[in-house]
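Me: I have a model open and want to go through it with you. Can we start with a single residue and work outwards?

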Amino acid sequence: MSRHSKLQKQILALYRDFLRAGRDKPGFIPRIRVEFRENALIKKTDVMHIEYLYRRGQRQLEQLKDTNTKQLGSFSKPKEQS
């Protein structure tokens, strides 16, 4: 079994926390898994980017833990009225 760095352990803990927080909210678990799998492709040497994503993930986790969070949202360009 390989040893993980401190940052890797923090990210794995963040992933577990996301899965726990998303358990009671429909549609969150697949989205969480997709996000983490996509970001797993980032080179291990790109530490600054990984740390940025980790901090961003911590903020998103706090939002997810909020009892008022019911669904996932995304920004999209509004449709033009004709």
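Me: Where is the place of G57?

Reply: G57 sits in helix α3. Keep in mind that this is a predicted model.

Me: Is G57 buried or exposed?

Reply: G57 has a relative accessible area of 5%. The cut-off for buried is under 20%, so G57 is buried.

Me: What does G57 touch, not counting residues up to four places away in sequence?

Reply: With those neighbours set aside, G57 touches L14 and F18. Both L14 and F18 are among the buried residues of α1.

Me: And how are G57 and I11 placed, by their C-alpha atoms?

Reply: Their C-alpha atoms are separated by 9.0 Å, while the two residues are 46 residues apart along the chain.

Me: Back to α3. Which of its residues are buried?

Reply: The buried residues in α3 are I50, L53, Y54, G57, L61 and L64. Around the axis they cover an arc of only 105 degrees, which puts them on the same side of α3.

Me: What is exposed on the other side of α3?

Reply: M48, R59, E62 and Q63 are exposed there.

Me: What do the buried residues of α3 pack against?

Reply: They pack against α1 and α2.

Me: What span should α3 have at 1.5 Å a residue?

Reply: The 19 residues of α3 should span 27 Å, and the end C-alpha atoms are 27 Å apart, which agrees.

Me: Now α1. How far does it reach from first C-alpha to last?

Reply: α1 has 17 residues and reaches 24 Å, close to the 24 Å expected at 1.5 Å a residue.

Me: Which residues of α1 are buried?

Reply: L7, L14, F18, A21 and G22 are the buried residues of α1. Seen down the helix axis, they fall within an arc of 85 degrees, so they line one face of α1.

Me: What covers them, and what is on the face turned away?

Reply: The cover of the buried residues of α1 includes α2 and α3, the latter being residues 47-65. The face turned away from the buried side carries the exposed residues K6 and K9.

Me: F18 and F36: buried or partly exposed?

Reply: F18 counts as buried at 7% relative accessibility. F36, at 22%, counts as partly exposed.

Me: Which residues form the aromatic cluster?

Reply: Y15, F18 and F36 form one aromatic cluster.

Me: Now the whole chain. How many helices and strands are there?

Reply: There are 3 helices and 0 strands, and along the sequence the pattern is α-α-α.

Me: How much of the protein counts as buried?

Reply: Of its 82 residues, 21% count as buried. The accessible surface comes to about 7400 Å², and 52% of that belongs to carbon and sulfur atoms.

Me: And what share of the contacts with a separation of 6 or more comes from residues 24 or more positions apart?

Reply: Those residues account for 61% of such contacts.

Key:
Residues are numbered from 1 along each chain as its sequence is written. This is a predicted model: local features need pLDDT of at least 70, side-chain atom pairs count only at pLDDT 80 or more; totals for chains, interfaces and linings use all residues. Side-chain values use heavy atoms; hydrogens and water are left out. Buried means under 20% relative accessible area, exposed over 50%, partly exposed in between (1.4 Å probe, protein chains only). Rings of Phe, Tyr and Trp (its six-membered ring) pair if their centres lie within 6.5 Å; planes under 30 degrees apart count as stacked, over 60 as edge-to-face and the rest as tilted. Helices (H or I, at least four residues) and strands (E, at least two) are DSSP runs, numbered from the N terminus. The expected span of a helix is 1.5 Å times one less than its number of residues. The arc is that of the directions from the helix axis to the C-beta atoms. Contact means heavy atoms within 4.5 Å. Accessible areas come from the Shrake-Rupley method with a 1.4 Å probe; for residues, only the protein chains shown count as cover.
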